[in-house]
Amino acid sequence: MTERILLVEDDGAVRSVVRMLLEDEGFDVTEAASGTQAVERFDLEHFDLVLLDLRLPGMNGFDVCRHIRRKGNVPVIMVTAQNDSHDVVAGLELGADDYVTKPFNDRELLARVRVQLRRKSSETDSERIVLGDLEISPDEGEVRRAGEPLSLTRTEFHLLCHLARHPNRVWSREQLLSQVWGYDYAGDGRVVDTHVARLRNKVEGDPANPQLIVTVRGLGYKLLRGDP
């Protein structure tokens, strides 16, 4: 089945170029020229991914991302201005999965789209994982804490599964970008830091004093299981 992408961009010339690029790769693309139009189309149709410019007139991309996250876990790739670190962090904190900066390289954009559309993790172990009162069911894509379901984005879920499958192992930001995001990210550790922070807010009893996903100073992160 052809995968469907909602392309949200107010610049008609940019929108046309990106649409042709995606359609040449076999994707079914629906355009939205404003945040309001994006929300209307998202609510009426099914999409596999949203490519979202943050700087939109009227209803901006942050509000659109917030709306999408209230509805579910469709992957969102933000499009931001070069070196606009505030937009990047704010968008990731709202639950966006990834970002590209303008002007972007065609190959880079397509690589990030393909990674987000990859439905199955490269991990093959699908056994249920229990960590105290936290229960992870990879096959069902569910996480429960004390029996109550948690709402995680797709990327947060993959990050948690990866750490849980390798307890007590330290992972650098670069390793997590490669293993969880799925390619040589050429990257930005803020993507990892923001997703870890969001994950802690959902799975830790006290996110300010994490006991499950801990920082190893100067090295990265690890998930504690049993004796650290």
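Select His-67 first: setting aside neighbours within four places in sequence, His-67 is in contact (heavy atoms within 4.5 Å) with Val-39, Phe-42 and Asp-43. This residue lies in helix H3, residues 61–71; helices here are DSSP runs of H or I with at least four residues, numbered from the N terminus. His-67 counts as buried because its relative accessibility is 11%, the class being under 20% relative accessible area, with exposed over 50% and partly exposed in between, for a 1.4 Å probe and protein chains only.

The model is predicted, so local features need pLDDT of at least 70 and side-chain atom pairs count only at pLDDT 80 or more, whereas totals for chains, interfaces and linings use all residues. Residues are numbered from 1 along each chain as its sequence is written, and side-chain values use heavy atoms, with hydrogens and water left out.

Colour the chain by pLDDT, the predictor's confidence in each residue, from 0 to 100. The chain average is 88, and 92% of the residues score at least 70. Next, select residues 120–124, where pLDDT stays under 50 and the model has 4 contacts beyond four places in sequence.

Move to Arg-15, which belongs to helix H1. Arg-15 counts as buried because its relative accessibility is 15%. Beyond its neighbours within four places in sequence, Arg-15 is in contact with Leu-7, Glu-9, Asp-10, Glu-31, Ala-32 and Ala-33.

Axes are lines fitted to C-alpha atoms, for helices over the stretch in contact, and angles run from 0 to 180 degrees between N-to-C directions. H1 passes H5 in a right-handed crossing, meaning that the near helix is turned clockwise from the far one by less than a right angle. Show the side chains of Val-18, Leu-21 and Leu-22 in H1 with Asp-106, Leu-109, Leu-110 and Val-113 in H5, which make the contact. By class, these are 6 nonpolar, no polar and 1 charged residues; Ala, Val, Leu, Ile, Met, Phe, Trp, Tyr, Cys and Pro count as nonpolar, Asp, Glu, Lys and Arg as charged, and the others, Gly among them, as polar.

Finally, select H4 (residues 85–93) and H8 (residues 189–203), whose axes come within 9 Å and cross at roughly 35 degrees. H4 also passes H8 in a right-handed crossing. Ser-85, Val-88, Val-89, Leu-92 and Glu-93 of H4 meet Arg-190, Val-191, Thr-194, His-195 and Arg-198 of H8. The H4 contact with H8 has 4 nonpolar, 3 polar and 3 charged residues.

Methods. Helices (H or I, at least four residues) and strands (E, at least two) are DSSP runs, numbered from the N terminus.
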